[in-house]
Amino acid sequence: MGSDYEDTGEEMMHQLRSKATELLLREEFKESTSDSNHLQKLNKSLCLTFSNRAEGRFRLKEYADAIKDCDQALKIDDTHFKTLVCKGKILLNLNKYSMAYDCLKKASTDSQARGFSENLNGYLDLCKRFVIQSKTGVVDVSDWVLSGFKGIVPEFAEYVGAIEIKKSDLGGRGLFSTKNIDMGTVLLVTKAIATERVILPNDEDYSESVQLVMWKNFVDKVMESVKRCDHTHHLIRTLSTGEDENRLEVPNISLFWPETEETEVLKENVPNISLFWPETEETEVLKEKFDVDKILNVLDGNSIVEDSISGKILRKNSGYHGVGLWVLASFINHSCVPNARRIHIRNHVIVLASRDVKAGEDITFAYFDVLSPLNKRREMSMNWGFSCACKRCKFEDEIWSRQELGELQVAFEEGLLDMGSVVFRLEEGMKKWVVRGKEKGYLRSSFWEAFLRAFESEKLMKRWGRRIPAMEVIFDSIVDVVGGDEIVLKVLVEGLKRSGGGNSVGGTLEMERVMKLGRGVYGKMVKRQALKALLGLGTHDHS
Ligand SMILES: C[S@@+](CC[C@H](N)C(=O)[O-])C[C@H]1O[C@@H](n2cnc3c(N)ncnc32)[C@H](O)[C@@H]1O
């Protein structure tokens, strides 16, 4: 990097090494007391120099090199306070929580710990919490939510739940559950390689430019991370560039586990052997080492927009528009019958089960609004560069060949029929076409807009209400398809507020329906009272 700080360190280290070599050559260092003292001083300086360079490299986020410097310093003095603190902080950043704890604990017993400006006990507590979190995935943001997002923003450890990467029928690889999982359970917590956020202006043209600048800054940040850390580069290279997805390797999930030795090995700077090949064009070697085009393609297909349909930014000022790359989350495929969703808190993404998930299921979230008819969903998936292969699309593909359904869709889109009539005809049609169970929910979700407008209109309900299924029946079958969906939740919450907020007997049932769906949207990490506060339903609940 060539900073002044590093240059001075390098120079000093060089002088010290020369002096040590000189002493060794004279073979006097063992016998001579004065030289032994001198060597001691020399070692002390060398230790301090390594320690200082480690600190500098830590600040530059060059963690692998910083750790090497710490180890050199600790080889000279394994109780060196400053180095122990520095190594502890680096390990914390590398998600090695137990090892970080051990380092910082050792530092905390040093007499210098008392006058130390940073809060060592705070770090130790954080390590302890992270060790538990990274094993259990249990996170609770209720206090933060209840404080109106004014308190300290929660910090998260990396967590990889009961999931694995396998070949997926949907396309390429996917993330799969390895056991039965309850709705609201956290499946994955991971920090972004990089994120970039902006507040979008109202002006459409200007907004487009702002988004372009956001994308450029984001790409720059990713490139920086890749240059700084071989492990990051390695992880990004496991992602799809969109080409030949079915022939891609399936990485082992352990690559993403925090606290493991395997990641430690990969974090080391292992030079590529091609670097030493004779007769190879230098540019060729460099290209293989750092392929900008490949990384750009990876970013195109794997970056996640934070406020997209199945993402939720949990904080007060969520007027931001953001993009980020979360490597393991990028293995999650899309489905129009999704079973997971994302919550974004600062640079972390938390993926949670938005319904009960069975062992062996493909974990999926919605890349786009799945409360839309097939033709719109097709368009949106093509914009993403793929043709959706989920079971709902397959079913609807077949059933849409029925002329009546096509005509109904046109009548709905062009407003040729009132929405009550659209809904009535759809329900009657489903009887005739022998559509049953979940498949009814597929079509109802595609006609969500029509159902919503019918249920919201007193006039239409007077006319059609008795001839169509009750709103609760429809909503349940839609939730069965789309899982914990924020749009459905909002409609239910508005309905509940209009009916007096759950004080009547019917209202209590409605409240339970909302709370259950809320768990699918926000997960178990937002407890009941906090969830009510978040939904604007008051916090006076004594149940
Ligand atoms: C973010 S990646 C998901 C992981 C990817 N399958 C892999 O092997 O790396 C998005 C890509 O996965 C594929 N994909 C995701 N969901 C799909 C779906 N429902 N149907 C078909 N292909 C899908 C598409 O090729 C899409 O561009």
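Biologist: What percentage of the 543 residues of the protein count as buried?

Modeller: This is a predicted model, in which local features need pLDDT of at least 70 and side-chain atom pairs count only at pLDDT 80 or more, while totals for chains, interfaces and linings use all residues. Residues are numbered from 1 along each chain as its sequence is written. A residue is buried if 20 or more other C-beta atoms, placed from the backbone, lie within 10 Å of its own, and among the 543 residues of the protein the buried share is 38%.

Biologist: How many helices and strands are there in the protein?

Modeller: Both are DSSP runs numbered from the N terminus, with helices (H or I) having at least four residues and strands (E) at least two. Counted in this way, the protein has 23 helices and 12 strands.

Biologist: Are H5 and H6 roughly parallel or roughly antiparallel?

Modeller: Helix H5 (residues 97–108) packs on helix H6 (residues 120–136) at an angle of about 155°, with the axes 9 Å apart; axes are lines fitted to C-alpha atoms over the stretch in contact, and angles run from 0 to 180 degrees between N-to-C directions. Angles over 145 degrees count as roughly antiparallel and those under 35 as roughly parallel, and the angle of H5 to H6 therefore makes the pair roughly antiparallel.

Biologist: Which residues in H16 meet H15?

Modeller: Helix H15 (residues 403–413) and helix H16 (residues 419–432) pack at about 165°, with their axes 10 Å apart, and the two are therefore roughly antiparallel. Residues are in contact if their C-beta atoms, placed from the backbone, lie within 7 Å. From H15 the contact takes in Glu404, Leu405, Leu408, Ala411 and Phe412, and the whole contact has six nonpolar, one polar and two charged residues. On the H16 side the residues are Val422, Arg425, Leu426 and Gly429.

How values were computed. Angles under 35 degrees count as roughly parallel, over 145 as roughly antiparallel, 65 to 115 as roughly perpendicular and the rest as oblique. Two residues are in contact if their C-beta atoms, placed from the backbone, lie within 7 Å. Ala, Val, Leu, Ile, Met, Phe, Trp, Tyr, Cys and Pro count as nonpolar, Asp, Glu, Lys and Arg as charged, and the others, Gly among them, as polar. A residue is buried if 20 or more other C-beta atoms lie within 10 Å of its own, exposed if 12 or fewer, and partly exposed in between; C-beta atoms are placed from the backbone.
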